[in-house]
Amino acid sequence: MARKQTVPISNFRQGLKQHFDDLKRGQSVHVSSHHKTIGVLMHPSDYWELANGGKRMSEIITLYNHTGGSAKTTLTRELAYGLAQKGYKVLAVDLDSQANLTEFLGYLIDVDIRPEHTALSAILENQPLSPIETRFGFDLIPGHEDLRRVRRADIAELLNLRKHLKKIAAERGYQYILIDASPAGETLSSIASASASKLICPIPSTIKGLRSIRSTLSVVQESASINPELEILMYVLTRAGRTSGVKYANEQISEQLDSLGVPYFNGLTERSTPFEFAAAECRPVLSLEYSNRNMSGIETTKAELQQIVSLLESLTQAPVNS
């Protein structure tokens, strides 16, 4: 937990100067008198959140795991759709130069996507974001191969996307912003973790997945200097199955996650049919409708995905209709 920063009112000017960088990073600073808090200073974007009914307006969550094949992009797509179907205002951000999330939603990168629609200008030029409206009820900041231009970033560029996401959340009322982090681009991954307050970590039920738990923990520690709010919201065990190897890895991962005390979903079963149909039709699995009994795996997968959506909802904020 981040240490509370305090400025005594008797030395306000000097204290504000001392903690100005903390405010720019989005960290609150308490103003005290005789060791009691009499006010709180915060980043302007946080004031916009408070202006919306006095409660936190948006959850910015990065789907994170460097391990390939963890179903990170799939989960981003399904969570965005599932939350939108529940009535939430959702923005998905494809922060991957491979643009798999964007393509999975049916967009042709070189035909449908213009560079100004991506996060590139927000990161490098501090320009506002311009989401596009998808046919699935949520908005999208698409990916593009031009994101490869983000090779190194100073601290301002690391935080530019976070600033513009908070601003557009306040302007458009997004309640959930889900970032699909790049699996390979180190700088883009750093920007993704610097932009969020929470991580969802998909972990494949493999020995490689077991080893990746350590990297998910280290990203929180490494981000502490610029994003002290960052925490792991939950893990999702993916590629679950009945083979002995998968079951062994799944048990080892569950045992380690139990010791961490972080919520997790166990597990999203690996079924090729639902995900192949979703890929072929460029739409979320949760939006597929089949009555053929040979497609029974789709309904089971949809039920598992709905449980993950509900777990995310319960760990963040009250349902819209409650």
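Predicted model: local features only at pLDDT ≥ 70, side-chain atom pairs only at ≥ 80, totals over all residues.
Q: How many of the residues of strand β9 are buried?
A: Strand β9 spans residues 198-204 and is mostly covered. Side chains in a regular strand alternate between the two faces of the sheet. On one side of β9 lie Lys198, Ile200, Pro202 and Pro204, and on the other Leu199, Cys201 and Ile203; both faces are covered. The buried count is seven of seven.

Q: Which residue of β9 is the bridge partner of Ile61?
A: Strand β4, residues 59-63, pairs with β9 in the parallel sense. Three bridges make up that pairing. The partner of Ile61 in β9 is Lys198.

Q: Which residue in β10 is the bridge partner of Leu199?
A: β9 and strand β10 (residues 231-240) run parallel, joined by seven bridges. With helix α10, residues 207-223, the two strands make a right-handed β-α-β unit. The partner of Leu199 in β10 is Ile232.

Q: Is Thr316 buried or exposed?
A: Thr316 sits in helix α13, residues 296-316. Buried means under 20% relative accessible area. Thr316 has 18% relative accessibility, so Thr316 counts as buried.

Conventions:
Residues numbered from 1 in each chain as written. Heavy atoms only, no water. Buried < 20%, exposed > 50% of the residue type's maximum accessible area, 1.4 Å probe, protein only. Helix = DSSP H or I, 4+ residues; strand = E, 2+ residues; numbered from the N terminus. Pairing = 2+ DSSP bridges. Right-handed = clockwise from strand over helix to strand, strands pointing away.
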